[in-house]
Amino acid sequence: MKQAKSELKIAVIGGIGSGKSEAAKYLAEKLSYRYLSADIINRELLSDGRYLKKLEKAFPEAFRAGVLDTAALSEVVFNDGSRRERLNALAHPEITKRLKSRLKDKGGAVVEIPLYLESGLRGVFDKVILITAEEGVKISRIAARSKLSESEIFARIAAQKSDAELASYADTVIDNSAPLAALHAKLSEISELIKTENN
């Protein structure tokens, strides 16, 4: 059942380096909505003993003396598609369950979802916004914020759905290749349109 007009649930999707985190946070602020993130929930899971036991059983090489080495886990899954699918099969149901629970709370929400098609959350949202960027821009952004090598960055980009694949599931597509001010201007326009249509 759809939410009341003043309580929209909006998904912000896109690949690594697209700027979807900034977009989701900014839009939530402009709309006075809650900001939720699948990535943040995934990090919460890494403090859940029950979940960690499942991870250790599936990926024993990513644990050191019973403690998860997240860098080792990333290396394993981004170099082996079948292992990545195994991780997704463990993580996505847990993330989806927690997100759905939080979306039941009253009030609008903007939700950042990196792996939208794999998440099991299609059909949950009133609006889906795709954030895209040119590949060179994505690479520069990822390199600036991480210690990943160029080959590791390419592996992460290649592991995700392309912008073209995601576009058919989006109501709105925003190219975020330009400086941040341009993204904010576009999102401000969208927020005003949403307010006008849903008040």
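Which residue in E6 is the bridge partner of Ile-10? It's Lys-127. Before going further, note that this is a predicted model, where local features need pLDDT of at least 70, side-chain atom pairs count only at pLDDT 80 or more, and totals for chains, interfaces and linings use all residues. Numbering starts from 1 along each chain as its sequence is written, and side-chain values use heavy atoms, leaving out hydrogens and water.

That bridge belongs to the parallel pairing of strand E1 (residues 9-13) with strand E6 (residues 127-132), which runs over 4 bridges. Strands pair here if DSSP finds at least two bridges between them; helices (H or I, at least four residues) and strands (E, at least two) are DSSP runs, numbered from the N terminus. Zoom out and you get an open sheet of 5 strands, ordered E2-E5-E1-E6-E7, with parallel pairing. E2 (34-37) and E7 (172-175) sit at the edges with a single partner strand each, so one side of each has no neighbour in the sheet.

Now the helices. H2 (residues 38-45) packs on the sheet, touching E2 and E5 (109-113), where contact means heavy atoms within 4.5 Å. The direction of H2 makes about 55° with that of E2; axes are lines fitted to C-alpha atoms, for helices over the stretch in contact, and angles run from 0 to 180 degrees between N-to-C directions. Helix H9 (residues 180-197) lies across E1, E6 and E7, at about 160° to E7.

Finally, look at H6 (residues 135-145) and H7 (residues 150-158): their axes come within 10 Å and cross at roughly 120°. On the H6 side, Glu-135, Lys-138, Ile-139, Ile-142 and Ala-143 meet Ile-153, Phe-154 and Ile-157 of H7.
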